[in-house]
Amino acid sequence: MIEIDGLTKRYGDKTAVDGLSFVVEPGVVTGFLGPNGAGKSTTMRMIAGLDRPDSGTVRVNGKHYPKAPAPMAELGILLDARSVHPGLSARNNLLALARTAGIGRRRVDEVIELAGLGEVAGTRAGGFSLGMGQRLGVAAALLGRPQTVVLDEPVNGLDPDGVRWIRLLLKSLAAEGRTVLVSSHLMSEMAQTATQLVVLGRGKLITEASVEDFTGHATGTGVLVRTPETVRLGQLLAAPGITVINDGTDILRVSGITAEQIGAAAWRAHLPVYELTPTHASLEEAFMQVTKDSIEYHAGATR
Amino acid sequence: MTAVMGTGLAPAHAAPAPAPAPAPAPATVAGPVTQVRVIRAEWTKLRALRSTRWCTLITAVLIVGLGALIAGSGTAYHVSAGNTAAAGISTALLGVLFAQLVLGVIGVLAFSGEYGTGMIRATLAVVPARLPVLWAKLIVLVGLVLPVTMVCAFVDFFAGAAIESSRGGSVLSLTEPGVLREVAGSSLYLTVVVIIGLALGALLRKTAAGLSVFAAVFFVIPIVVSALPQNIRGFASYLPSNAGGALWGTPQDAAHVLSPWTGFAVLCGYAVVLTALAAWRLRRRDA
């Protein structure tokens, strides 16, 4: 479990994280979303005790992490930027970390195999591709079988096989009752892996919700109705809490009411309906909607 | 007390089998962080790095090779009132002046190498108390440099003495006044110099900055100061290289103001202050 309370971090006059509070529960995969510069990596660094908060607290498994007697049992972390020594082999990078907690070579070899690094374990990590480096970083995070796992952009640079490996790995870690917090820019990947979400924008919490609730409240979730009687059906359905949008074609976009209710209402009023399709906003659409006001770095329009 | 076991009869009030709990996480394999474990971790890194092997080899070549070269060139050394055995040995240890730069690289890199590559984040994430990392690096560096340079210094002495006497020079002995102190002292000097390099690396975090400051302190400033007029360079003997040089009799500077062990104590003082600053910065600053 990760409990973050009133966390604030300033670098000079820029506030990277601003009064952030949220809880990451064990047993599920929690996605950590936000545009570039939203403060995800800074938050993760503070969870690992690498950056000191200006105010607020972070507790990992109920403890103040820097004071944990056996840190590698509490937290395994993969940071966004590379954190391996290029002059050391993959095995020695892992062994050096393992030694601090009295973890033996057998476990080191185990995570090497787990991460699919068996053939390059003796090679200097400096020659690794981005994907290999990520695998090594994930292996390091798993070394101590930690209760809580925090991964910043783990699928960055991974091949499809690696992406699938991470997806299954995160789910199995959560199924074992561990706490899993993972950030990613790949929304489709996140939608397949995470069940809970924490969304940041400009260092502040935008929302903390299940993936279902998050996409359910986004525009785009509702029912698409194709009918020649758009005006009459629209009037029929209109009620508080229900929105009906007609873009001038024979299509109505209705939200706040189920497809069954619309179908029944149309049938009672003898209005023909040619199509009745429940629609769901994708995680990406939902994400774009909630973060559009807090995107720090807008891409220029392409010409 | 008697225990009845294996009767197959369970008491009627035996607790039922525990209800299936949510899949428990497999036990962790990670134990507590101890200073000894962090030392082992740092030794794993230091031993595996190529730079360590190269710097150690170059150090040995510089100390022993340069000493043998000096002993074997020029006129054979004859001990007299003006040419003490100690002065001769001090000259044969000239390689220490160059070895200190090579060892300074190892010292600075111990931290700056980790900051430069990003490994420091992994290191400090698993040792969030941080200070054990500094002490461990210090201990493994001393554990490497002290024995290596001690062996080199004695090999240098015995090789140099053998070469001199074979060329008809005086037989130099470790029992001559000051000789043992200089030979062993050169190793002590280099060991403290490495600690200063380590502290600079931890304080400045960048390899280029650490090496520049190190080279400035141990090479450039002493040379610049030695060119100053006599009356305003009284502080020169308190520069780290000159103060520490008093212990092994830096060849270039005949007029040491400080006595050998006072000078060494001054050098150690620099190391202690810099290490304390490094510890403070490591604790306080974001990694």
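Which residue, with a positive phi, follows α1(A)? In this predicted model, that residue is A:Gly49, whose phi lies near 75°.

**View 1. Helix α1 of chain A, residues 40-47, within its surroundings.** Eight of the eight residues of α1(A) are buried, so the helix is largely enclosed by the rest of the structure. The buried set runs through A:Lys40, A:Ser41, A:Thr42 and A:Thr43 and continues with A:Met44, A:Arg45, A:Met46 and A:Ile47. The helix is followed by A:Gly49, with its positive phi near 75°.

**View 2. The open six-stranded sheet of chain A, in the order β5-β6-β7-β3-β8-β9.** The pairing in this sheet is mixed. At its edges stand β5 (75-78) and β9 (204-210) of chain A, each with a single partner strand, so that one side of each is left without a neighbour in the sheet. From one strand to the next, the twist averages 15°. The antiparallel pair β8(A) and β9(A) is joined by six bridges, and within this pair A:Gly201 stands opposite A:Lys204 in β9(A). Helix α6 of chain A, residues 160-175, lies across β3, β6 and β7 of chain A and runs at about 150° to β7(A).

**View 3. Strand β3 of chain A, residues 29-33, between its two partner strands β7(A) and β8(A).** Strand β3(A) is mostly covered, with five of its five residues buried. In a regular strand, side chains alternate between the two faces of the sheet. Both faces of β3(A) are covered, with A:Val29, A:Gly31 and A:Leu33 buried on one side and A:Thr30 and A:Phe32 buried on the other. Strand β7(A), residues 179-183, runs parallel to β3(A) and is joined to it by four bridges, with A:Phe32 standing opposite A:Ser183. Strand β8(A), residues 196-201, also pairs with β3(A) in the parallel sense over four bridges, and here A:Leu33 has A:Val199 as its bridge partner.

**View 4. The open four-stranded sheet of chain A, in the order β11-β12-β10-β13.** The pairing in this sheet is antiparallel. Its edge strands are β11 (243-246) and β13 (275-279) of chain A, each of which pairs on one side only. Neighbouring strands are turned against each other by 20° on average, direction ignored. Strands β10 (residues 222-226) and β12 (residues 251-255) of chain A pair in the antiparallel sense over four bridges, and A:Leu224 has A:Arg253 in β12(A) as its bridge partner. Helix α10 of chain A, residues 259-268, lies across β10, β12 and β13 of chain A and runs at about 160° to β13(A).

**View 5. The two domains of chain A and the nonpolar cores of the model.** Chain A is divided into domain 1, covering 2-216, and domain 2, covering 222-279, and the C-alpha centres of these two domains lie 45 Å apart. The largest nonpolar core has 155 residues, and those with the most contacts inside it are A:Leu94, A:Ala139 and A:Leu143. The largest share of this core, 16 residues, comes from helix α7 (residues 179-204) of chain B. Leaving aside residues up to four places away in sequence, A:Leu94 touches A:Val108, A:Val111, A:Ile112, A:Ala139, A:Ala140 and A:Leu143.

**View 6. Chain B and the side of it that touches chain A.** Chain B has ten helices and zero strands, and buried residues make up 43% of its 287 residues. Among the contacts in chain B with a separation of 6 or more, 78% are between residues 24 or more positions apart. Across the interface, 34 residues of chain B are in contact with 42 residues of chain A. On the chain B side, α1 (35-48), α4 (95-117) and α5 (119-126) each supply at least two residues, and α1(B) gives the most, with seven residues. The residues of this side divide into 22 nonpolar, five polar and seven charged.

Definitions and conventions
Residues numbered from 1 in each chain as written. Chains lettered and ligands numbered in written order. Predicted model: local features only at pLDDT ≥ 70, side-chain atom pairs only at ≥ 80, totals over all residues. Buried ≥ 20, exposed ≤ 12 C-beta atoms within 10 Å, placed from the backbone. Contact = placed C-beta atoms within 7 Å. Nonpolar A, V, L, I, M, F, W, Y, C, P; charged D, E, K, R; others polar. Pairing = 2+ DSSP bridges. Core = buried A, V, L, I, M, F, W, Y, C linked by C-beta atoms within 7 Å. Domains from an automatic or database assignment. Axes fitted to C-alpha atoms, helices over the stretch in contact; angles between N-to-C directions.
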